[in-house]
Amino acid sequence: QMEDKVFKEQCKLFDLAAKLGVKNEKVQRKIDILIRSRIFREYSVLKVTKNSGGKTPGIDNVTLKTETELINMSEKLITLLKSYKSSPLKRVYIPKTNGKQRPLGIPTIQDRCLQQLIALVFEPIVELNSDPNSYGFRKFRSAKNAIGTLRSKLRSNSDNEQKYVFDCDIKG
């Protein structure tokens, strides 16, 4: 229910930005309205706390467990939007298969909620300006989509042109 409402508002923002341009006054006003809206704030807190990492406290050792704490965090996001400085990250090390350890920075729940709120609002704007052939870390896109597109392009035989596939991996 809440997810559907947020998605509909994101679609409206996408359509408006596509029609008028991101820098248009109406688009900027819509962004401002959405980022302050109760439903976006509540949904961002809900997404963070339902995520498996939402139970992991940051440097402040705070987690959100009760309904009251969730509501309070949602309300606190309004004041954080005015002037905000993120908290330091909690540093933990997780073991890798090769015996080494990988550093991991864990933000506070407050930081995660605010980041999620910003992401909810700017996702449609970023999507509007993204490369249609980019599949990494994008909503409604996956490795299967990338493979399907690649197969389709390799099968098409326009102008009998040669086709190349390059594979690379960035290490470390």
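The chain has a radius of gyration of 20 Å, whereas a compact globule of 172 residues would have one near 16 Å; the radius is taken over C-alpha atoms, and the globule rule is 2.2 Å times the number of residues to the power 0.38. This is a predicted model, in which local features need pLDDT of at least 70 and side-chain atom pairs count only at pLDDT 80 or more, while totals for chains, interfaces and linings use all residues. Residues are numbered from 1 along each chain as its sequence is written, and side-chain values use heavy atoms, with hydrogens and water left out.

**Overall form**

- The C-alpha atoms fill a box of roughly 65 × 55 × 30 Å along the principal axes.
- The chain holds 6 helices and 2 strands, where helices (H or I, at least four residues) and strands (E, at least two) are DSSP runs numbered from the N terminus.
- The order of the elements from the N terminus is α-α-α-α-β-β-α-α.
- Of the contacts in the chain with a separation of 6 or more, 61% join residues 24 or more positions apart; a contact means heavy atoms within 4.5 Å.

**Surface and charge**

- Buried residues account for 26% of the 172 residues, on a scale where buried is under 20% relative accessible area, exposed is over 50% and partly exposed lies in between (1.4 Å probe, protein chains only).

**Helix H4**

- Helix H4 spans residues 67-82 and bends by about 25° at lysine 76, the bend being the angle between axes fitted to the seven residues ending there and the seven starting there.
- Leu70, Met73, Ser74, Leu77 and Leu80 are the buried residues of H4.
- An α-helix has 3.6 residues a turn, so residues three or four places apart point the same way.
- The buried residues of H4 pack against helix H3 (38-50) and helix H5 (109-128).

**Loop between H3 and H4**

- Glycine 53 sits in this loop, between H3 and H4, and is partly exposed at a relative accessible area of 25%.
- Although 53 residues separate glycine 53 from isoleucine 106 in sequence, their C-alpha atoms are 8.9 Å apart.
- Asparagine 61 belongs to the loop between H3 and H4 as well, and is exposed, with a relative accessible area of 58%.
- Asparagine 61 has a positive phi, near 60°, in a residue other than glycine.

**Loop between S2 and H5**

- Threonine 108 is placed in the loop between strand S2 (101-106) and H5.
- Threonine 108 is buried, at 1% relative accessibility.
- Leaving aside residues up to four places away in sequence, threonine 108 touches Gly58, Ile59, Asp60 and Ser87.

**Helix H6**

- Leucine 154 is part of helix H6, residues 143-155, and counts as partly exposed at 41% relative accessibility.
- Leucine 154 touches Lys163 and Val165, with residues up to four places away in sequence not counted.
- The C-alpha atoms of leucine 154 and tyrosine 164 are separated by 8.8 Å, with the two residues 10 apart along the chain.
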